[in-house]
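Subject: Structure handover

Hello,

Here is the structure you asked to look through. Please open it first, then read the notes below it.

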Amino acid sequence: MYEAPDRYKRMIAARLPDGESAGIARDSDPASPLKDVQLIARGQLAPFFALTNIAAAVLFAAALWGSVEASLLLGWAGIVGLVNFLAMRWSQSQAVTCVGRAGHSVPLWMMIGDVVARALVWLSLPVYLFPALSTSGQIIAGTLIAGVGIAGLGLVVVFACAVAWMSAFTVGMFIALVFMQSTVAFQQLLAMLFVLGVSIIGILTVARWASGQLKTNADMGSQSESASLLLQEYEQRGVGWLWQVDAENRVGYISSRMGALIGKPSTQILGHSLPSLLGAHTDLGRVLLDKQPFTNLEMELRTARGNRWISLSGDPIIDTAGRFEGFRGVGLDITDVRHTQERLTHLANVDVLSGLPNRGRVRQLLGEALRGATAGNVPCAIMFLDLDGFKPVNDTFGHPKGDAVLQAVAKRLCDEVSTDGHVGRLGGDEFAIVVPDAQSRRKVEQLAERIIVAIAEPYSIDGVEIRIGVSVGCAFGPIDGATVDDLILKADLALYQAKDAGRGVVRYFSSELQSEQEDRVRLEADMRAALESRQFYLAFQPLVSAKNQKLVGFEALVRWNHPRRGFVPPNVFIPVAEECGLMGPLGELIIEEACRAAASWPEPITVALNVSPKQIILPNLPNVVSQALSRHKLPGNRIELEVTEGVFLDSSSRSLDILGRLRSLGVGIALDDFGTGYSSIGYLNKAVFHKLKIDGSFVRDAGTRPGNVAIIKSIVQLAKDFRMSVTAEGVETAEDFERMRQLGCDTIQGYLFGKPLSYERANQLVLGLDARKLAS
């Protein structure tokens, strides 16, 4: 099959329309790759087609020379020669000027017209003379007409032209033999028709095959040229480079850009070992030895411009016999990408405020230390640190100063730890320290003690002195935990224990602590079940007037009688409820039962109940109280909510807002355990409190400690100034009662007048039992 020369291929591919190719060329697609190939092949075959026509005309003239007028034969032969010569030149010209996007269009009808015109010129004299010829002359004419059809082989590149040529000679033969006075014998006629039939079938078959081959060649040429252009673009745009090695890993081709990176002209690199040129990288040698495809093999390369990172991908070259002939592939300079990734990784692993490793990076460091401890049989340690008293710093001095304190804490921790471990910030006021070598437990204990002392030193921020502390929980791996998560959990448990122990201390994980944690988890599950089955109930401790010792109300205290554990103290289950988010539903139960009890008692009797700091910040608390009052048709002044000074530690403005909404319902608000916690005198003028309650520790020690008497006097006077009443808690003796009455307290609460009672006992007391009998 004919194959177009390289210069024609380049012309064809240069105007490849987006990688698509036509089938049989049409006028509507004048710039298709196939039509270009057809024009080029047609121009190549034009001499054969023209010479065949001319030779046949000469044979016809020679055969009839002497029997037909010579001038007629010569004139006809000259016209046939001239027409075919001009048509040949025209076809060759079109093969150059009419290809490509800039070429002029050659309509298909014009090419068919050229073929039909030449056929008519050639057939004109034989058909015209056929009736006047002798039998031998007709045989010669018929044979040549049938034979000239074979010249259609020069038209097979354009199927329609081949059809037109064969059709013209078939019609000519039919006219000569049927409509003219033919004297040719039947056997000879069959021979002529056989020759013509074979020519028609053969030429049309070859033409169809040729068209398909030309289409395939056009498509492959276009795709090959497109691939070549894309590869050139790939290299010229600086995206990457190409490389190829033989079976011995010797460079057969490499882009100039790669040569520039290595520092040698690409011509000097040819024939050298690629792994050696790239620094004898073992991973590259291994993948080349495996003779398998590989992608994104990254390696560091030393160059005159410093160290660079490159990425190689390659595929093995296998010949048709299945033999391995080397590799070819692409390469990329990924230095900038690596630097960007390193920066992003650094940012992802570092706490922005302190510059320390963040939570994710601390986990990685702990994982590395734990693997080293397991492999080397040398324990590691993880310390969790939580700052004590830091939240009031933000509330009092603002977040900028709080951030400055955190940065100062980070520096002190790094100074104390030095090279013995890694300091990280987990977020907020929580830090962590990973100690890879904790073989000396005493050394770890001394480090924890130094840290506690260092953090407790005052911080001077913009002339303001700030003091905080730190609690530390520590666990050792793999002794306390064999995984990162397990070890973190154990350190967290130790930190909780340090917080519960009074803060500013260090605690180490122990099996007893694990048991306590497991018990706490079980207790939480039991609390959830207890809320559903209503195992919680209220006990009521009497409140009496200091003036006449008459019953004025009760304080409702929540109690839990566990089916298996028995009586669970409030100081055990209340913290659990606060931590696990159960304070909301538990508080709603307490409010509901307190309102139910108060509604069953006459007007003077009030019911006070405690509200947790975790509950006071719930936005729906006023709605819960309002709905309970409405359900039991109870005035708001029959209910009193007691809060501690702890409500002002976090979100004080939100707490005051909720207290104000409660006060607008008519509900009394009492400040419980006044004087034992943080100073909250500044909140007394917010018009939300109607009562102060003096903690029982002041009451009990007032008889032996004159200072307590002075404190109580001050509290009573402060309450009077703010038009508040005062309740003394923890009154257990007649002397305590008389002292509190003389100091000006309005209401008395304590075992002297009764322990917490069930609702039934409290109801009996309300219905008429003498309060003095209860005291005896």
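What does the accessible surface of the protein come to, and what share of it belongs to carbon and sulfur atoms? The surface comes to about 37900 Å², and 55% of that belongs to carbon and sulfur atoms. Please keep in mind that this is a predicted model.

**Overall**

The protein has 776 residues, of which 46% count as buried. Its secondary structure consists of 28 helices and 21 strands. Among contacts in the protein with a separation of 6 or more, 65% are between residues 24 or more positions apart.

**A patch on the surface**

One nonpolar patch on the surface is formed by Leu 82, Phe 85 and Leu 86. Together these residues have about 310 Å² of accessible area. Leu 82 belongs to helix α3, which covers residues 70-97.

Strand β17 runs over residues 639-643, and five of its five residues are buried. Cover is found on both faces of β17.

Which strands pair with β17? One is strand β16 (residues 606-610), which pairs with β17 in the parallel sense over four bridges. Within that pairing, Asn 610 has Glu 642 of β17 as its bridge partner. Another is strand β18 (residues 668-674), also parallel to β17 and also joined over four bridges. Here Leu 641 stands opposite Ile 669 in β18.

**Helix α25**

Helix α25 covers residues 706-721, which makes 16 residues. At 1.5 Å a residue it should span 22 Å, and its end C-alpha atoms are 23 Å apart, so the two values agree. The buried residues in α25 are Asn 708, Val 709, Ile 712, Ile 715, Val 716, Leu 718 and Ala 719. What do they pack against? The elements are β18, β19 (691-694), α24 (696-701), β20 (725-728) and α26 (734-743). Arg 723 follows α25 and has a positive phi, near 60°.

**Salt bridges**

Side chains of opposite charge can pair when their charged atoms come close. The structure holds 39 salt bridges.

- Glu 298 and Arg 338 form a salt bridge, with their closest N and O atoms 2.8 Å apart. This pair links distant parts of the chain, since Glu 298 is in strand β3 (residues 294-303) and Arg 338 is in helix α12 (residues 335-349), 40 residues apart. Glu 298 has 34% relative accessibility, so it counts as partly exposed.
- Arg 441 and Glu 445 form a salt bridge, with their closest N and O atoms 3.3 Å apart. Both lie in helix α16 (residues 441-456), four residues apart, about one turn of the helix. The relative accessible area of Arg 441 is 40%, so Arg 441 is partly exposed.
- Arg 596 and Glu 593 form a salt bridge, with their closest N and O atoms 3.5 Å apart. Both lie in helix α20 (residues 583-599), three residues apart, about one turn of the helix. Arg 596 is partly exposed at a relative accessible area of 42%, and Glu 593 is partly exposed at 22% relative accessibility.

Regards

Conventions
Residues numbered from 1 in each chain as written. Predicted model: local features only at pLDDT ≥ 70, side-chain atom pairs only at ≥ 80, totals over all residues. Heavy atoms only, no water. Patch = residues over 30% accessible without salt bridge, like charges linked within 9 Å, V, L, I, M, F, W, Y side chains within 5 Å. Areas by Shrake-Rupley, 256 points an atom, 1.4 Å probe, with all protein chains shown as cover. Salt bridge = Lys/Arg side-chain N within 4 Å of Asp/Glu carboxyl O. Helix = DSSP H or I, 4+ residues; strand = E, 2+ residues; numbered from the N terminus. Buried < 20%, exposed > 50% of the residue type's maximum accessible area, 1.4 Å probe, protein only. Contact = heavy atoms within 4.5 Å. Pairing = 2+ DSSP bridges. Expected span 1.5 Å × (residues − 1).
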